[in-house]
Amino acid sequence: MGALDFLFDYFSNSFDVSIRKRKKHKVMQTVNIKVKIDCDGCERKIKNAVSSMKGAKSVEVNRKMHKVTVSGYVDPKKVLKRVQSTGKKKAELWPYVPYTMVAYPYAAGAYDKRAPAGFVRKSEQAQAQPGGTDDKLMSLFSDENPNACIVM
């Protein structure tokens, strides 16, 4: 009995380990895609295509902002391919961030006339460099700087 129990435990544990190695856990995430939506038919086609994906929990289509939001256990690249397969070849991942999240919203790379209201394009030029001259000037005249009265 001891040898059979040992063999049973050995094979059952190795089987469990091999299953755990192959299984990948997807993370719950929200994927935003920018796609031009013209009519009800386009909206319905995109919504049906994306909602039939495995792992998609909710799909929201905003025609005014040209935005598709998918929540669930999905891969962003697969969602983008599924949207492109509906005939919308110019679909892309959502390239905009709220303008309050950017240090310089009117920089050349960030400002976009086609962006929805309150959004600017993600870009390196719009981000503030840590330790840049703007931070030094702002702290020079602040109330928290003990040497500020010397400069004034």
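**A tour of the sheet and its helices**

Start by selecting strands β2 and β3 in this predicted model: the two strands form a hairpin with four residues between them. Within the turn, pick H66, whose phi is positive at about 55°.

β2 covers residues 56-62 and β3 covers residues 67-72; the strands run antiparallel and are joined by six bridges. Select A56 and look across to β3, where G72 is its bridge partner. Then go to V59, which stands opposite V70 in β3.

Now widen the selection to the sheet. The sheet is open and has four strands, ordered β2-β3-β1-β4, with antiparallel pairing. Which strands stand at the edges? They are β2 and β4 (92-93); each has a single partner strand, so one side of each lacks a neighbour in the sheet.

Finally, colour the chain by pLDDT. The mean for the chain is 78, and 72% of its residues reach 70 or more. Which element has the lowest mean pLDDT, and which the highest? Helix α5 (residues 148-151) has the lowest, at 58, while β3, where the tour began, has the highest, at 94.

Terms used
Residues are numbered from 1 along each chain as its sequence is written. This is a predicted model: local features need pLDDT of at least 70, side-chain atom pairs count only at pLDDT 80 or more; totals for chains, interfaces and linings use all residues. Side-chain values use heavy atoms; hydrogens and water are left out. Two strands pair if DSSP finds at least two bridges between them. pLDDT is the predictor's confidence in each residue, from 0 to 100.
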